[in-house]
Amino acid sequence: MAMAVTSAFSMAALNAALPSGVSSQSRSAGVSLHAATGVSVRRTASVVVRSMLTSTKAAGFQVFNGLRNENALQLRNGASFDVMGLGISNGSKWFAMRHGRKIHRLGRPADQRRALLRGLTTEILRHGRIKTTRARATAMRKYVDHMITLAKGGSPHQRRQALGFLYDKQLVHSLFAEVPERYGERNGGYTRIIRTMPRKGDNAPMAFIELV
Amino acid sequence: MPRSIDPLIVGKVIGDVIDTFVPRVDMAIHYSTRQVTNGCQLKPSATAQAPEIQLSDKSGDNNYYTLVMTDPDAPSPSEPSLREWLHWIVTDIPGNSGGSETNTGFPWLSEQATSTSSSGRELVPYIGPRPPIGIHRYIFVLFKQPSQSFLISPPAARNNFSTRNFAAYYGLGLPVAATYCNSQKEPASRNR
């Protein structure tokens with residue numbers, strides 16, 4: 001009984017307070033409130049009082065929802081995922097495969113990797129033929145070819161570049177003296193890799209790499 | 001003593017051409033004004049003529065020496081198929097040839113400027129360095145002759161010469177002095 005009286009009172013006040021355009025919607029809202037408990041009805045009554053005071057100024061006021069966070073509870077959804085999970089689609093940073101990645105990492109950080117490759121190219125240019133793991137041999141090819149290309153060029157700048165890469169100064173000078181004769185006709189592909197038996201200690205696949 | 005043969009070990013002269021020895025004689029080799037020091041770089045044009053040899057034999061005996069000059073890097077250091085290539089053999093060099101200023105300490109006293117060409121017998125004529133490919137080492141090895149009447153026949157060919165075998169065959173033993181220099185082909189145009 002008390003509920004019916006208060007709801008009837010609030011309906012009339014609501015219709016007066018709200019702007020005309022929204023009144024139909026508010027009427028439906030009021031109907032849904034009518035089905036709610038007594039606590040919610042009393043809350044709307046207090047809202048109505050406040051809105052009565054402000055409605056005279058804000059004529060034609062539209063409800064603005066732009067800044068309201070529709071994910072107010074901050075549930076995780078697929079768009080915010082960037083870690084492994086079911087939500088990844090193309091366009092995220094992490095791929096499960098290695099497609100197109102060309103750097104031989106050799107299991108080392110960048111500075112150690114560079115030092116390792118410098119040492120290995122120095123040794124193959126000194127001895128002509130060395131035996132290492134297959135991964136290192138395939139990684140070395142590019143740098144050995146680069147050194148031989150510099151030596152074929154032979155200019156002082158290229159000599160300086162080779163001196164900055166190889167660890168043996170005398171080796172660079174003898175390289176620059178010999179390479180033009182030895183590889184004058186050959187265009188690229190100055191090394192050859194031959195696979196051999198795995199290493200006993202750790203069964204690492206081994207290979208010979210030699211200057212062609 | 002190891003200190004004076006370190007450059008020979010670093011330059012792999014000891015190992016490729018000769019065995020470890022103890023230097024007993026001071027040997028100085030000059031191409032006109034340039035002295036040959038271990039590992040120095042000489043141009044083939046500067047070495048076209050035979051060099052002068054100066055020995056100072058500290059022992060004081062009347063010894064005679066044999067000098068052998070070879071190139072272990074013929075035709076190319078990375079593929080020395082003609083190792084070694086013989087350039088020069090001089091025998092019967094007196095122990096104190098060429099004069100030495102260190103003996104007396106008075107440069108104006110040591111006027112005996114005798115060149116090797118008069119004080120030694122050239123067994124194999126001198127051919128100057130002409131490296132076709134790469135940087136070659138040219139090694140001068142001095143042996144002491146066992147006795148003055150010492151008969152050596154010149155080798156049949158210059159290529160594939162072996163200093164070790166030569167010394168062993170004629171009973172020359174270990175070298176008493178050695179030095180070497182580097183040389184490479186002068187490119188047609190210097191600045192590229």
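**Figure 1. A:Phe165, a buried ring in an aromatic pair of chain A.** With a relative accessibility of 10%, A:Phe165 counts as buried in this model, which is predicted. Seven aromatic pairs are found over all chains of the structure, and one of them brings A:Phe165 together with A:Tyr143 in a stacked arrangement, with 5.8 Å from centre to centre and 5° between the planes. Because A:Tyr143 belongs to helix H5 (residues 134-153) of chain A and A:Phe165 to helix H6 of chain A, the pair ties together parts that are 22 residues apart in sequence. A:Tyr143, for its part, is partly exposed, at 26% relative accessibility.

**Figure 2. A salt bridge between A:Asp168 and A:Arg126.** The closest N and O atoms of A:Asp168 and A:Arg126 are 3.0 Å apart.

**Figure 3. A salt bridge between B:Lys185 and A:Glu181.** Here the closest N and O atoms of the two residues are 3.3 Å apart. Since B:Lys185 lies in the segment after strand E9 (177-184) of chain B and A:Glu181 in helix H7 of chain A, the pair joins two chains. The relative accessible area is 42% for B:Lys185, which is partly exposed, and 39% for A:Glu181, which is partly exposed as well.

**Figure 4. A network of salt bridges in chain B.** B:Asp73 forms a salt bridge with B:Arg83, and their closest N and O atoms are 3.9 Å apart. Both residues lie in the loop between strand E5 (64-71) and strand E6 (85-94) of chain B, so the pair ties together parts that are 10 residues apart in sequence. B:Asp73 is buried, at 3% relative accessibility, whereas B:Arg83, at 29%, is partly exposed. Through salt bridges that share partners, B:Asp73 and B:Arg83 are joined with B:Asp16 and B:Arg137 into one network. Over all chains, the count of salt bridges comes to 13.

**Figure 5. Further views of aromatic rings, in chain B and in chain A.** In chain B, one aromatic cluster is formed by B:Phe161, B:Phe166, B:Tyr169 and B:Tyr170. In chain A, the ring of A:Phe208 has A:Arg129 lying over its face, at 4.3 Å from the ring centre.

Conventions. Residues numbered from 1 in each chain as written. Chains lettered and ligands numbered in written order. Predicted model: local features only at pLDDT ≥ 70, side-chain atom pairs only at ≥ 80, totals over all residues. Heavy atoms only, no water. Salt bridge = Lys/Arg side-chain N within 4 Å of Asp/Glu carboxyl O. Helix = DSSP H or I, 4+ residues; strand = E, 2+ residues; numbered from the N terminus. Buried < 20%, exposed > 50% of the residue type's maximum accessible area, 1.4 Å probe, protein only. Phe/Tyr/Trp six-rings, centres within 6.5 Å; stacked < 30°, edge-to-face > 60°. Lys NZ or Arg CZ within 6 Å of the ring centre and 35° of its normal.
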